[in-house]
Amino acid sequence: KSVNNNSSSTNGNIVPVTAISTSDNYIGFADEYGNISFHSTSNSDDYEQIWLSEGNGSCCTSLVSLRDSFIGGYSSGVLKVFRADLCELVFEITAHARCIQGLSVDHDNSLIASVSEDQLLSIWSFDSEFSWKSTHRIDDRLLVGVAFIEEDTLIVSAYDDMHLHKVSLKQWMRRNEILLHN
């Protein structure tokens, strides 16, 4: 079965898909112009497009879902949070100084990790509101991927690096709290 993501530029040319994510009720397709096309999965025979969020020309490099929300990471360093069920952009923030290369959602669906070419791993909370939790710098590495592997542990990958970087959020958060209180 194929799905037409109906994403095209203003001159009618088809735009390549750069990221895909699914939730229980929706599929999101992102493209190199920053458009995200949302489709309902309620009808198993046809994934009907319910909304197209038009981008501003900055490539959507990564897309993850969290319940019926989708978080997009962009080449401009921007993170956008969309509610597919409401067909709206609910939050936008300049999260990184360079291209966001990877996003991951934790197993409890409450934390989001983002990594960027700016050497930063950032942790965001998403309960009723989207908020920044902390940032960790991995020196001299162009970060390209991130994944939660346990409740409080992340693996981060870097371009042209054969080693994976393991980050413990408990140790990291505790160290940051001490620094903030001193």
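These notebook entries record what I looked up in a predicted model.

**Entry 1. Aromatic pairs**

I began with the rings and found seven aromatic pairs in the structure. I then examined F38 and F82, which form a tilted pair with 5.7 Å centre to centre and 55° between the planes. This pair links distant parts of the chain: F38 belongs to strand β3 (residues 36-40) and F82 to strand β7 (residues 78-83), 44 residues apart.

I next asked why F38 counts as buried. The relative accessibility of F38 is 0%, and buried means under 20% relative accessible area. F82 is likewise buried, because its relative accessible area is 1%.

I also looked up W124 and F130, whose rings form a stacked pair at 5.4 Å centre to centre, with 15° between the planes. Both W124 and F130 are buried.

Returning to F38 and F82, I noted that ring pairs join them with W51 and F70 in a cluster.

**Entry 2. A lysine over a ring**

I checked what lies over the face of Y74. I found K80 there, at 4.8 Å from the ring centre.

**Entry 3. The loop residue S75**

I located S75 in the loop between β6 (69-74) and β7.

I then listed the contacts of S75, leaving aside its neighbours within four places in sequence: they are S58, C59, T61, R98 and C99. With S58 there is a polar contact from side chain to side chain, at 3.1 Å.

**Entry 4. The three-stranded sheet**

I turned to an open sheet of three strands and read its order as β13-β14-β15, with antiparallel pairing. Which strands form the edges? They are β13 (143-150) and β15 (165-168), each of which pairs on one side only. Neighbouring strands of this sheet are turned by 25° against each other on average, direction ignored.

I followed the pairing of β14 (residues 153-158) with β15, which is antiparallel and runs over four bridges.

Definitions and conventions: Residues numbered from 1 in each chain as written. Predicted model: local features only at pLDDT ≥ 70, side-chain atom pairs only at ≥ 80, totals over all residues. Heavy atoms only, no water. Phe/Tyr/Trp six-rings, centres within 6.5 Å; stacked < 30°, edge-to-face > 60°. Helix = DSSP H or I, 4+ residues; strand = E, 2+ residues; numbered from the N terminus. Buried < 20%, exposed > 50% of the residue type's maximum accessible area, 1.4 Å probe, protein only. Lys NZ or Arg CZ within 6 Å of the ring centre and 35° of its normal. Pairing = 2+ DSSP bridges. Axes fitted to C-alpha atoms, helices over the stretch in contact; angles between N-to-C directions. Contact = heavy atoms within 4.5 Å. Polar contact = N/O pair within 3.5 Å; in protein donor to acceptor, adjacent residues only side chain to side chain.
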